[in-house]
Amino acid sequence: MEIVILAVVIAVVALGAISGLVVSSRRKKQLPPPPPTTPSVTAPPAEPQVGEDAETPRDEERRTIEEVGLPDSGATLVEEPPVAEPEAPAAPEVEVPEPTAGRLVRLRARLSRSQNSLGKGLLTLLSREHLDEDTWEEIEDTLLTADVGVQPTQELVERLRERVRVLGTRTPEELRGLLREELLHLIGTEADRAVNTENGLGANGQEIPGVVMVVGVNGTGKTTTTGKLARVLVADGKSVVLGAADTFRAAAADQLQTWGERVGARTVRGPEGGDPASVAYDAVKEGISEGADVVLIDTAGRLHTKTGLMDELGKVKRVVEKHGPVGEVLLVLDATTGQNGLVQARVFAEVVDITGVVLTKLDGTAKGGIIVAVQRELGVPVKLVGLGEGADDLAPFEPEAFVDALIGD
Ligand code: GDP
């Protein structure tokens, strides 16, 4: 009996010593990290850094014991009372984004609510018994009000007039089918609307991640879109590194990093006001060393000084291209700004080769016709549309689903 009591006392003392050491070693680890060098790479805290092995609390405990050479006397001879596991630091929850397939269909209610005046208005007008000049003018006005643009509006009306004439009597179903076809013709169904995230061939002949630059005027939803796009890519099974090259807007880097952490994507950032090109360069470098699939670069969009913008964006692209090609330059436009968006598109297209457009805030406007106008203006397709402020409210743009939402099916 005495032996058992003695053994228990030894065990308790030994355990006290272990837990004391573990706690003190933890305290040491909790010292504030040294100030970040520039640019810094931040990651979701629970993830090991590149090249580091993941260390669990148990590893840490084991090493602490080895370091001080704690005797394994007596305590191992008796049955140990259960030891409370030291609590692992709470890891930020990495979310699983919604799959991207069919997102536009899921979000179509938002589209049809805001675009009602376009699709439904056109159908109502076309259903009139007598399609006289006044009615055709109303049809034209409806299209112009929805920002379709003068030239495309005239084309559409001409084609509709011809087809309605050939059709003679019109059932509502025939009209719907006809309008659907003509709107699809206007938007185009042939273009490749996939965001190009293919690996590129690097300067040294090695494969590098797909590089996507996101450009646009501040306030259009550029940073939000970059974050949402990271989720889209993660949902599609890709690994992503984010580059916070919008170093001019104080909150942009934090905002982007938060988006990244939510899906376990690392963010490379620089000091506020620092050189955007160097952050972009380092982001791609990080992407290469991590073997990431895609690097997304958020850029600054100050439009008031066009020369400044031109220098800056051009430089970001040129510097990134030292690693290898930029596969995609996405221009973010706010659909609610109407014609102003087209002016922006023109300016950006002069500065950098745009390869795709993201139209944000389509949930808040009836001016969906801007899709047609901007595609004509730039000669590049709308690839993504923003339909709300929610994390998964960015959808690949599918013309069929879009038109069905406009006119109902
Ligand atoms: P940036 O300055 O261009 O980077 O703009 P932000 O990304 O900070 O976005 C500006 C605001 O637009 C934020 O409040 C976003 O939540 C909002 N926003 C972005 N995309 C959409 C969208 O598709 N729909 C709606 N309703 N709001 C959006």
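1. Let's start with the ligand. In this predicted model, the ligand is surrounded by 18 residues, and the closest are Gly219, Lys222, Thr223, Thr224 and Glu389.

2. Helix H8, which spans residues 222–235, gives the largest share of the shell, with 4 residues.

3. Now look at individual atoms. Threonine 224 places a polar side-chain atom 2.4 Å from an oxygen atom of the ligand. With leucine 387, a polar backbone atom is involved instead, and it lies 3.4 Å from a ligand oxygen. Glycine 388 also takes part through a polar backbone atom, 3.3 Å from a nitrogen atom of the ligand. How much of the ligand does the protein cover? On its own the ligand has 590 Å² of accessible area, and the protein covers 80% of this.

4. Next, turn to a pair of strands. Strands E5 (residues 240–245) and E6 run parallel and are joined by 4 bridges. To get from E5 to E6, the chain passes through helix H9 (residues 252–262), making a right-handed β-α-β crossover.

5. Finally, take a closer look at E6, residues 266–269. In a regular strand, side chains alternate between the two faces of the sheet. Here Arg266 and Val268 point one way, while Thr267 and Arg269 point the other way. Are these four residues buried or exposed? All of them are buried, both arginines included.

Notes: Residues numbered from 1 in each chain as written. Predicted model: local features only at pLDDT ≥ 70, side-chain atom pairs only at ≥ 80, totals over all residues. Heavy atoms only, no water. Near = heavy atom within 4 Å. Polar contact = N/O pair within 3.5 Å; in protein donor to acceptor, adjacent residues only side chain to side chain. Areas by Shrake-Rupley, 256 points an atom, 1.4 Å probe, with all protein chains shown as cover. Helix = DSSP H or I, 4+ residues; strand = E, 2+ residues; numbered from the N terminus. Buried < 20%, exposed > 50% of the residue type's maximum accessible area, 1.4 Å probe, protein only. Pairing = 2+ DSSP bridges. Right-handed = clockwise from strand over helix to strand, strands pointing away.
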